[in-house]
Amino acid sequence: QAKEELRDLARNPLMLNMIASLHRYYQGVSLPTRRAELYQDIFTLQLRDRPRVRKIEMLLDATEAQQVLQAIALDMILNDKVELDRDILLQQLQTQLDHLDEEVSAEAFLKQMEDISELLVKGNENYQFAHLSFQGYLAAKEIKRRDQEDLLLENWHSDKWKETILLYTAQLKNP
């Protein structure tokens, strides 16, 4: 069943590209067979390993950058958003960066997430995660980090929370 899950993901051009990138960067290593593991590997690749190979200094380490993205993703899920206006996104990013006590501007961080990690993309006028399931995965990680499982119980009936709930439960099997 896990291989079928990956096969389904590979039907999406973006996900196929990400899977191929993982395979290329981590030659000789088996690809994860579960989505949650695959997504974490993609985030590690995009936030840490790919910039390192390209000799690009990231503003935050991969863990901190992912934590910022997790908070944004959860806020988007809570507010029923799949995309954000640039100004709103910059405000939210700056709030998260300030929590980390980092001297990083939201503008510079967004540029790196868009140009280097390619995890945030600009649509017509607004920004969104490169793949909607990334938003659900990151929100699930943030719920776990904050111990806010009550959010899952409050929203278990909502189709909009399905991805987040599934990816949250996947983390329980592989902490």
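pLDDT is the predictor's confidence in each residue, on a scale from 0 to 100. This model is predicted, and the protein averages a pLDDT of 88. A score of at least 70 is reached by 86% of the residues. Confidence is lowest in helix α1 (residues 2-9), with a mean of 55. It is highest in helix α4 (residues 62-78), at 97. Where pLDDT is low, the predicted coordinates should not be read in detail.

Start with helix α4 and its packing against helix α5 (residues 86-99). Two packed helices are described by the angle between their axes and the distance between the axes. For α4 and α5, the angle is about 130° and the axes lie 9 Å apart. The two helices are therefore oblique to each other. The crossing of α4 past α5 is right-handed. On the α4 side, Val68, Ala71, Ile72 and Asp75 make the contact. On the α5 side, Leu89, Gln92, Leu93, Gln96 and Leu97 make it. By class, this contact of α4 with α5 has six nonpolar residues, two polar and one charged.

Now turn to the backbone in two loops. Most residues other than glycine have a negative phi. Lysine 55 has a positive phi, near 60°. Lysine 55 sits in the loop between α3 (35-53) and α4. Its relative accessibility is 75%, so lysine 55 counts as exposed.

Aspartate 147 also has a positive phi, of about 55°, although it is not a glycine. Its place is the loop between α7 (132-146) and α8 (150-155). Aspartate 147 is exposed because its relative accessible area is 58%, and the cut-off for exposed is over 50%.

Terms used: Residues numbered from 1 in each chain as written. Predicted model: local features only at pLDDT ≥ 70, side-chain atom pairs only at ≥ 80, totals over all residues. Heavy atoms only, no water. Helix = DSSP H or I, 4+ residues; strand = E, 2+ residues; numbered from the N terminus. Buried < 20%, exposed > 50% of the residue type's maximum accessible area, 1.4 Å probe, protein only. Axes fitted to C-alpha atoms, helices over the stretch in contact; angles between N-to-C directions. Parallel < 35°, antiparallel > 145°, perpendicular 65-115°, else oblique. Left-handed = near helix turned anticlockwise from the far one by under 90°. Contact = heavy atoms within 4.5 Å. Nonpolar A, V, L, I, M, F, W, Y, C, P; charged D, E, K, R; others polar.
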